[in-house]
Amino acid sequence: MKRYLVLILAMVFALAGVMAGCALTPELATYSNYGFSFQYPENYTVVERDANESSGTIRVGVENDKADFFNVWYVKTGPQWNIEGALEHRFSSMEEVEWVESLYRGELVETTKAGHRMVYQYYTVTHPAGKDYGVVGAFYCDKSGKGFELTTLTNTVNSEEEALEHFQRYIDSFVCH
Ligand SMILES: [Zn+2]
C-alpha cells in the first residue's frame, strides 16, 4: 500500500512540474548594460546597434512564424529632452517604411515610470503580410541623465489590451537608474 502511495505522489509531482513549466514559459533572461536593464524571453536574440555610454539601440526579439520585438533607443541628454518628440520621430520613421500600408495611432497616455514622466501610445501597422501591434513610449530619467524611447512590435497579440499588457511586461522589468 505504501509503495503505491509513493508512486502516486511521484506522478502528482511530475504532473505539477509539467504544469508549472507551462505556466512559467517563457523563461526570462536579463539584459544589463550601459546603466539600464530589462528582462526578455531567453530564446530571443539581442542585437546592439551603435551602442555606447552616450547613445544606442538595443533590440531583442524573434522572427520566424511570428514577429515579436522590443526596441530600446537611448540617449544621454538633459531635462529639456522632448519625450513627445521622441514618439513623433518613431512614428514618422514607421510611416516612411515602404511596405507599410497604414498606421493607426491610439490615444496619447501620460503616466510615470520610476518617478519619471512618461508618455506612450498604442499603434497598429498594416502591411501586405498582415497586421502588427505595438506601443511606443518615452521618458527622461533624471538620475541617469538618459532619454529612453521604448517600442514593442508584435503579431503575437490581436487587441489593444493585449498589446498594452505585452508592452507593460517589458516596462515593469525595465530599470533605468
Ligand atoms: Zn530612472
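This is a predicted model: local features need pLDDT of at least 70, side-chain atom pairs count only at pLDDT 80 or more; totals for chains, interfaces and linings use all residues.
In soluble globular proteins, nonpolar side chains tend to be buried together.

Apart from neighbours within four places in sequence, Tyr170 is in contact with Phe38, Phe70, Leu150 and Thr152.

## Chain and elements

The chain has 177 residues, of which 25% are buried. It contains 3 helices and 9 strands, arranged from the N terminus as α-β-β-β-β-β-α-β-β-β-β-α. Of the contacts between residues at least 6 apart in sequence, 44% join residues at least 24 apart.

## The sheet

An open sheet is built from 7 strands in the order S3-S4-S5-S9-S8-S7-S6, with antiparallel pairing. Its edges are strand S3 (45-49) and strand S6 (102-113), each of which pairs on one side only. From one strand to the next, the twist averages 15°.

Within the sheet, S7 and S8 run antiparallel and are joined by 10 bridges. Val119 stands opposite Ala138 in S8.

## Helices on the sheet

H2 lies across S6, S7, S8 and S9, and runs at about 155° to S8. H3 also packs on the sheet, where it touches S5, S6, S7, S8 and S9; the direction of H3 makes about 40° with that of S8.

H2 consists of 13 residues and spans 19 Å from its first C-alpha to its last, close to the 18 Å expected at 1.5 Å a residue. Its buried residues are Ala86, Leu87 and Arg90. These residues lie on the same side of H2 because they cover an arc of only 100° around the axis. An α-helix has 3.6 residues a turn, so residues three or four places apart point the same way.

The buried residues of H2 pack against S7, S8 and S9. On the face turned away from this buried side, H2 carries the exposed residues Glu84, Gly85, Ser92 and Glu95.

How values were computed:
Residues are numbered from 1 along each chain as its sequence is written. Two residues are in contact if their C-beta atoms, placed from the backbone, lie within 7 Å. Two strands pair if DSSP finds at least two bridges between them. Helices (H or I, at least four residues) and strands (E, at least two) are DSSP runs, numbered from the N terminus. Axes are lines fitted to C-alpha atoms, for helices over the stretch in contact, and angles run from 0 to 180 degrees between N-to-C directions. A residue is buried if 20 or more other C-beta atoms lie within 10 Å of its own, exposed if 12 or fewer, and partly exposed in between; C-beta atoms are placed from the backbone. The expected span of a helix is 1.5 Å times one less than its number of residues. The arc is that of the directions from the helix axis to the C-beta atoms.
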